[in-house]
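This note sets out numbered points for a reader who is new to protein structures. Please keep the sequence and the model in view while reading.

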Amino acid sequence: MSMNPIVAEIQENGVVGAGGAGFPSHVKLASNASTIIVNAAECEPLIHKDKEILLHHTAEFLAGLNMVMRAASASEGLIGIKEKHTHIIDHLNQSVGPDVRVVPIGDFYPAGDEITLIYETTGKVVEAGKLPITQGIIVNNVETLLNVGRRKPVTTTFVTLGGDVENKVTLEVPIGLPIRTLIEYASPTISDYVVLLGGPMMGRLTSDLDEVVTKTSSAINILPADHVLVRRMRVMGKPDTVRKVGKSACDQCIFCTALCPRYLLGHPIQPHKSMRALMFTPTGESVPEMHAMACCECNLCTMVSCPEGLYPGSVSTLSKRFAGSSGMKFDAAEFQSTGPHPLIKYRRTPTSKLKRMLDLNRFGDSGPLIEHFFSPKVLSVPLRQHIGKAAEAIVSVGALVNAGEKIASVGRNLGSEIHSPMTGKVLNITDSTIELEIG
Ligand code: SF4
Ligand code: SF4
C-alpha cells in the first residue's frame, strides 16, 4: 500500500518528536486517529520555546496541525496549554478553525506527560503499557507540528537560554551548533557554573561544551555549581549511592507513590515498592520489578515528593531498566486497572511548589524569541537524533552540500532522514557525525 503523501513528506523532511526522545513522526501517523492532541503544556520550568512558537509562528504551527489531522483522518484537534497563559490562549482562539479547540489545563507538574495530558484534555485514561492510539489519539508537540507545517527539511531547532545568564532568550539555531557557542551568546553572569541541558526535572548535566544541539534540544541553563538542583542531579547519576541511601533511609511513608502522576491515573507504578525491594537484597542492589515498568521518569518523586530527600525516581528507573534487560515484559493483565484515583485533582503538584523547592524562582520565568543569526565555521551534525537506527551518510568527504540537502538516510529502517543545516563542504564522516565546513 502506498504511503499517504502527507506522511511521506513528513518522513522525507526528517520530522521527529521535538519534545521528547525524537520518535519519528511519520511512524506515529501510520494509524488513523479520531483526535490529535497538541502537547503545549511545556510543564518544565525554564523552557519557553513552545510558548514562543505558538505566539510567533502561529500560522505554520496550525498548518502542521491541520496536515497531521488530515493524514490521520482525525475529526478534531485539541491544544492542551496551561490556563495561566491567557494571552497565548486568546491569540490561538482568534486563529484556530472550527475543528480545533484550545483546552486550558492546570499549572502542575507533569501536565505535559503524554498520558496525563490525554486525561486532562479528554478525560480518557490510556492503560499502562498501551499507546495513546488505543484511545484513538495521537499526541504531537508544538515544535514538531511547526516542522510539519513548514514543509521543508528540519535543519534548525528552538532553544531557550536561561539560568544565571544575561541573555535569557529563545533562539532558532542550526542543528549541529556547539552548545559552547550558545553559552557564549547567553553570557553567564557567574564563573563557577554547571550546564543543564533541558529542563530541571528531566534534563541532564553536561561538562562537554562541544556537545551540539539536535532536533530534540530544548534549553540550555546555566546553574551555580552549588545549586540544589545540581547537587541532586549529581547524586542521581550515581546508582550505587541512590540505592544505598534508599536502603538505609526509606521509611516507607509512601508519599512518592501517593503523589506519582501515573499512580494517580490508576497505573500500577508504586515507587515505594522499588524502594522497599532494595531492603530485600544484601547490599541494596535493585531487583527487576514490573511495577517500575510503568514509570514515565518524570522525577517528581525524587525532586519534590519524598520528604526524606531520597531518590525513588532513580531507583524506579533502575528497576525498570533492570527488568527490561532481564527480558521481563510489562503485562497489564497482571494488574487490575483501578482507574483515576478519587483524590487525583487534590494531589497534583503545583509548578509553584516545584520552583520553590528547587530554588528556581531566582532565574525568572521568560525567554522571549529573538532573531540572531550565527555564522559557525563548522557544524557537527549527529547521525542519531531520533529513536531507531542511526542514519548513514549518503555524501562523501569533500562533497559540496546545499542548505536543506539530504546528507544521511535510514532507508527503510525506523529512524529519520538528516539534512544539511547550512551550505558547506563535508569535512569528515564518522559513525556518529557528519562534520561540515560552512560557507
Ligand atoms: S517518599 Fe521517600 S521515604 Fe517515603 S516511601 Fe518514598 S522513598 Fe521512601
Ligand atoms: S519518576 Fe516517580 S513520580 Fe514520576 S512516574 Fe516514576 S515513580 Fe512516578
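1. Helix 3 (residues 49–56) is largely enclosed by the rest of the structure, because 6 of its 8 residues are buried. A residue is called buried if 20 or more other C-beta atoms lie within 10 Å of its own, exposed if 12 or fewer, and partly exposed in between, with C-beta atoms placed from the backbone. The buried residues here are Lys49, Asp50, Lys51, Glu52, Ile53 and Leu54. They pack against helix 4, helix 5 (86–93), helix 7, strand 6 (156–163) and strand 7 (170–174). Helices (H or I, at least four residues) and strands (E, at least two) are DSSP runs, numbered from the N terminus.

2. The model is predicted: local features need pLDDT of at least 70, side-chain atom pairs count only at pLDDT 80 or more, and totals for chains, interfaces and linings use all residues. Residues are numbered from 1 along each chain as its sequence is written, while chains are lettered from A and ligands numbered from 1 in the order in which they are written.

3. Helix 7 (residues 142–150) is also mostly covered, with 7 of its 9 residues buried. Among them are Val142, Leu145 and Val148. After helix 7 comes arginine 151, which has a positive phi near 55°.

4. An open sheet is formed by 4 parallel strands in the order 3-2-1-5. Its edges are strand 3 (100–105) and strand 5 (137–141), each of which pairs on one side only. Neighbouring strands of this sheet are turned by 25° against each other on average, direction ignored. Two strands pair if DSSP finds at least two bridges between them; strand 2 (residues 76–82) and strand 3 are joined by 6 bridges. Glycine 80 has valine 103 in strand 3 as its bridge partner.

5. Which strands does helix 4 (residues 58–71) lie across? They are strand 1 (35–39), strand 2, strand 3 and strand 5, and the helix runs at about 150° to strand 1. Helix 6 (residues 114–122) packs on the sheet as well, and its direction makes about 115° with that of strand 1. Axes are lines fitted to C-alpha atoms, for helices over the stretch in contact, and angles run from 0 to 180 degrees between N-to-C directions.

6. The largest nonpolar core has 112 residues, and Ile36, Val68, Ala72 and Val159 have the most contacts inside it. Helix 4 supplies the largest share of this core, 6 residues. Such a core is a set of buried Ala, Val, Leu, Ile, Met, Phe, Trp, Tyr and Cys residues joined through C-beta atoms within 7 Å. Leaving aside neighbours within four places in sequence, isoleucine 36 is in contact (C-beta atoms, placed from the backbone, within 7 Å) with residues including Leu65, Val68, Ala72 and Ile138.

7. Of the 14 residues around ligand 1, Cys250, Cys253, Cys256, His272 and Cys306 come nearest. Ligand 2 is surrounded by 14 residues, the closest being Cys260, Cys295, Cys298, Cys301 and Gly313. A residue is near a molecule if its C-beta atom, placed from the backbone, lies within 6 Å of it. Helix 15 (312–325) is one of the elements giving two or more residues to the shell around ligand 2, and helix 15 gives the most, with 3 residues.

8. Strand 12 (residues 378–382) has 4 of its 5 residues buried. Over 5 bridges, strand 12 pairs in the antiparallel sense with strand 18 (residues 433–438). Valine 381 stands opposite isoleucine 434 in strand 18.

Note on methods: Contact = placed C-beta atoms within 7 Å.
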